[in-house]
Amino acid sequence: MSSDVRFTDFKSDKQPTWCPGCGDFGTMNGMMKALAETGNDPDNTFVVAGIGCSGKIGTYMHSYALHGVHGRALPVGTGVKMARPDIEVMVAGGDGDGYSIGAGHFVHAVRRNVDMTYVVMDNRIYGLTKGQASPTSREDFETSTTPEGPKQPPVNPHALALASGATFIAQSFSSDALRHQEIIQQAVEHDGFGFVNVYSPCVTFNDVDTYDYFRDSLVDLAEADHDPTDYDAAKDVILDSDKEYQGVIYRDDESVPYHEQHGVDENMSDIPDGAPENATDLVREFY
Amino acid sequence: MAADFNWAVGGEAGDGIDSTGKIFAQALSRSGRHVFTSKDFASRIRGGYTAYKVRTSVDKVQSVVDRLDVLIALTPRTIEENLEELHEGSVIIYDGERTTMQNVEIPEGMIGIDVPLKRLAEEAGGAIMRNVVALGAACEVAEFPIENLDSALEKRFGDKGQKLVDNNKEAARAGQSYVAEEYDADFEYDLETTDEDYVLLNGDEAIGMGAIAAGCRFYSGYPITPATDVMTYLTGRLERYGGHVVQAEDELSAINMALGAARGGARAMTATSGPGIDLMTETFGLVATSETPLVICNVMRSGPSTGMPTKQEQGDLNHMLYGGHGEVPRFVLAPTTVAECFWKTVEAFNLAEKYQLPVYLTADLSMAVTEQTFAPDTFDMDEVEVDRGFVVDDASVEEHLSESGGFMPHELTDDGISPRAFPGTVDGAHMSTGLEHDEQGRRTEDTEMRVEQVDKRNRKVESAREREDWSPREFGDADAENLVITWGSNEGALAEALDLLEADDVDIRVLSVPYVFPRPDLSDAVAAAENVIVVECNETGQFANLVEHDVLERVDRINKYDGVRFKADELAREIGEALETGTEATQ
């Protein structure tokens with residue numbers, strides 16, 4: 001790990017094809033800065049990306065990376081981290097990837113509390129397929145596949161995380177660059193599963209959840225006398241459907257990450273060129 | 001060949017049938033006898049019946065047969081279920097004091113041995129030991145030295161305290177002396193013992209042990225019959241060797257976790273059965289096109305859908321060969337014996353890493369649950385070689401950087417094999433993706449690069465064909481005009497069927513194929529034979545179709561898809577019949 005890593009080292013030579021003004025630019029910048037600030041470099045970082053506009057992030061960042069199957073980014077990140085506890089793992093995807101097709105994995109990744117960071121670029125719309133309702137779309141949000149709105153309540157990802165036993169739950173806004181970076185950084189530094197939902201507006205297909213909307217409505221928990229280690233206070237914030245928040249909502253300082261719980265601390269890429277020592281003991285067990 | 005002895009214990013699920021059978025199998029193995037076991041989960045009448053069967057001989061045994069010499073029947077149904085296999089002189093041990101067994105009728109010509117199992121067990125310390133009383137009775141009937149049973153009881157109960165071991169030994173002796181005193185007869189069986197040392201294990205365990213031997217460090221799976229034993233075996237043991245087992249939330253997650261671990265540089269594996277393979281197929285293409293080494297173990301069971309979860313079938317071959325959209329190479333290995341499950345697992349890891357692709361390692365239910373004896377040096381750990389293929393380190397990485405300085409995990413090479421850099425390798429950072437990509441792993445839709453990458457991936461197959469040994473296992477008469485081809489777990493039954501046919505002066509050459517893709521060229525063998533029969537446990541003849549495709553000639557087929565594996569004598573009959581009627585091209 002070199003001390004002179006700059007966040008631009010995490011940039012690949014591919015120019016993003018996101019729409020001009022897309023929230024994902026800001027989201028990615030914050031991720032790269034947070035990684036650099038926490039002493040990581042591209043060669044010891046693994047980014048797992050899902051499918052969707054947000055999933056392209058793996059291509060635009062420079063690090064070890066896997067751009068996987070829709071909805072399965074978290075299991076991949078889990079496998080990387082278990083095999084390589086020495087590597088910084090960051091998983092990134094969208095609201096569709098994380099809360100629709102990948103919702104089952106989200107619950108279990110939260111439960112496992114593997115020491116990695118999960119960044120969800122939440123624009124409350126399916127952008128890459130040109131504007132259909134997402135699991136976080138508002139109940140009355142009209143789209144080509146939901147002409148009268150989904151008529152079902154949006155998923156509350158923070159509530160889902162809290163109910164699944166999360167140890168770190170946060171919300172940021174891609175346009176508030178400093179706060180966004182700070183929050184991601186805290187997630188990276190958290191000993192366990194650091195979950196950050198990022199409001200990352202879609203300027204092309206979502207004319208409701210816009211930059212202006214978030215700018216006007218966001219309450220910053222850092223300025224609201226909120227104690228993230230207070231479970232009940234966190235619950236109140238999460239279940240408050242009248243306001244939008246940003247900041248660290250919940251943090252369990254007693255969090256014991258998976259690798260400590262299970263004693264998984266070896267670099268598994270390092271193996272001998274024959275059977276392991278004492279492998280014959282395995283045969284003897286069958287006498 | 002010395003006489004074999006066929007024994008079974010049967011009752012209802014929950015009667016402790018499995019552990020009772022295992023103890024007896026263990027006792028036989030420890031006495032220096034060969035053992036081959038099978039399990040019945042028959043549901044011909046109604047649910048609930050289960051049996052553990054043991055075939056034993058001082059010679060190697062590698063199949064089940066249609067014969068039962070001694071049966072411990074805990075329920076009347078156990079007798080009904082086995083009527084076809086029981087014969088004149090067969091001994092049936094039962095507890096006539098058990099309410100359901102009071103009016104049981106011993107079929108004519110068979111010998112009923114009524115032992116108060118429960119009462120004798122209670123006298124020895126607890127009713128729970130009634131099956132052990134029955135084992136003692138069986139020892140007396142078979143003239144099998146009871147000290148061998150002691151040894152198996154110590155292994156089974158040793159960690160639960162000496163008192164429990166002693167009680168069990170006493171229970172066994174109670175059964176033994178009861179038969180000796182009440183039934184003063186010679187039952188014509190005399191199970192001799194030898195000084196040979198054997199180990200006793202099943203296919204799932206052999207796969208698990210092979211994985212550890214090969215340096216597998218990461219296993220993720222979701223429980224499913226009949227692959228669960230692979231996971232159960234590895235749990236705790238893999239950790240002892242620096243690895244980890246994770247129970248995933250589903251098979252989608254299991255294969256993705258294994259993929260992640262493999263990208264991290266670990267040797268990783270997942271195991272499942274048909275329904276799980278269906279789910280894993282979603283990620284299969286990603287594994288293959290990102291050129292990630294991964295061993296996917298498929299312990300086949302009867303399909304489609306939930307099918308018959310506890311029944312035998314080899315029906316997933318087409319799925320493994322062709323499953324998933326698009327076209328991308330994968331290897332398919334099918335170990336043909338329990339011992340080969342170990343060695344083919346080691347080989348699967350080496351092939352996966354040398355050629356950087358997913359390898360299906362496929363066993364099936366009958367092999368997975370069969371306990372079989374082997375000389376311990378069958379699993380000589382010094383023979384295990386680990387070949388990680390083309391991996392670069394901090395020093396050699398620079399030879400594989402693009403002009404712009406990016407590492408090239410999909411570098412276009414003559415043999416199709418590109419360098420791998422594990423995370424942490426300085427300057428090795430790169431992208432892996434399910435999108436078509438350039439040499440650096442970056443998305444591309446460039447028509448030339450697309451063709452070059454497809455060709456490169458396929459060149460790996462050609463390289464593997466040239467460099468590796470894909471020979472089938474061969475036995476029988478090499479010059480015989482009758483050629484029988486099989487794949488996977490039918491080898492044992494076929495080997496014994498061969499002996500039976502030879503006794504009838506029918507000469508046969510057998511090719512048992514452990515490699516489905518790439519696979520051996522069987523053209524010459526087929527051309528040299530007068531009659532060619534492909535034996536497999538499915539209806540459509542999936543392997544036979546491949547043979548026909550390869551050799552451009554029709555072959556005969558023997559297919560079994562009733563959920564039960566081939567038995568040696570049954571198979572000998574079928575082959576004999578097929579040959580007598582001549583060859584009829586099966587359309």
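UniProt, in an unreviewed entry, places the feature "domain: Thiamine pyrophosphate enzyme TPP-binding" at residues 51-198 of chain A. The structure discussed here is a predicted model.

**Helix 3 of chain A and its packing**

- Helix 3 of chain A is mostly covered, since eleven of its eleven residues are counted as buried; among them are A:Ala73, A:Val76, A:Val80 and A:Met82, together with A:Lys81.
- The axis of helix 3 (residues 73-83) of chain A comes within 9 Å of the axis of helix 5 (residues 103-112) of chain A, and the two cross at roughly 30°.
- Because angles under 35 degrees count as roughly parallel, helix 3 of chain A and helix 5 of chain A are therefore described as roughly parallel to each other.
- Helix 3 of chain A contributes A:Leu74, A:Pro75 and A:Thr78 to this contact, while helix 5 of chain A contributes A:His105, A:Phe106, A:Ala109 and A:Arg112.
- Sorted by class, the residues in the contact between helix 3 and helix 5 of chain A are four nonpolar, two polar and one charged.

**The contact between chain A and chain B**

- The contact between the chains draws on 48 residues from chain A and 58 residues from chain B.
- On the side of chain A that touches chain B, at least two residues each are supplied by helix 2 (57-60), strand 2 (64-67), helix 3, helix 5 and helix 11 (280-284) of chain A.
- Helix 3 of chain A gives the most to the side of chain A that touches chain B, with eight residues.
- The side of chain A that touches chain B is made up, by class, of 23 nonpolar, 17 polar and eight charged residues.

**Chain B as a whole**

- The secondary structure of chain B consists of 18 helices and 21 strands.
- The radius of gyration of chain B is 26 Å, close to the 25 Å that the globule rule gives for 587 residues, so chain B is as compact as a globular protein of that length.
- Taken along the principal axes, the C-alpha atoms of chain B fill a box of roughly 90 × 60 × 45 Å.
- Of the 587 residues in chain B, 56% are buried.
- Among contacts in chain B between residues at least 6 apart in sequence, 73% join residues at least 24 apart.

Terms used:
Residues are numbered from 1 along each chain as its sequence is written. Chains are lettered from A and ligands numbered from 1 in the order in which they are written. This is a predicted model: local features need pLDDT of at least 70, side-chain atom pairs count only at pLDDT 80 or more; totals for chains, interfaces and linings use all residues. Helices (H or I, at least four residues) and strands (E, at least two) are DSSP runs, numbered from the N terminus. The radius of gyration is taken over C-alpha atoms; the globule rule is 2.2 Å times the number of residues to the power 0.38. A residue is buried if 20 or more other C-beta atoms lie within 10 Å of its own, exposed if 12 or fewer, and partly exposed in between; C-beta atoms are placed from the backbone. Two residues are in contact if their C-beta atoms, placed from the backbone, lie within 7 Å. UniProt positions are given in the numbering used here, feature names are shortened, and annotations may be inferred rather than shown by experiment. Axes are lines fitted to C-alpha atoms, for helices over the stretch in contact, and angles run from 0 to 180 degrees between N-to-C directions. Angles under 35 degrees count as roughly parallel, over 145 as roughly antiparallel, 65 to 115 as roughly perpendicular and the rest as oblique. Ala, Val, Leu, Ile, Met, Phe, Trp, Tyr, Cys and Pro count as nonpolar, Asp, Glu, Lys and Arg as charged, and the others, Gly among them, as polar.
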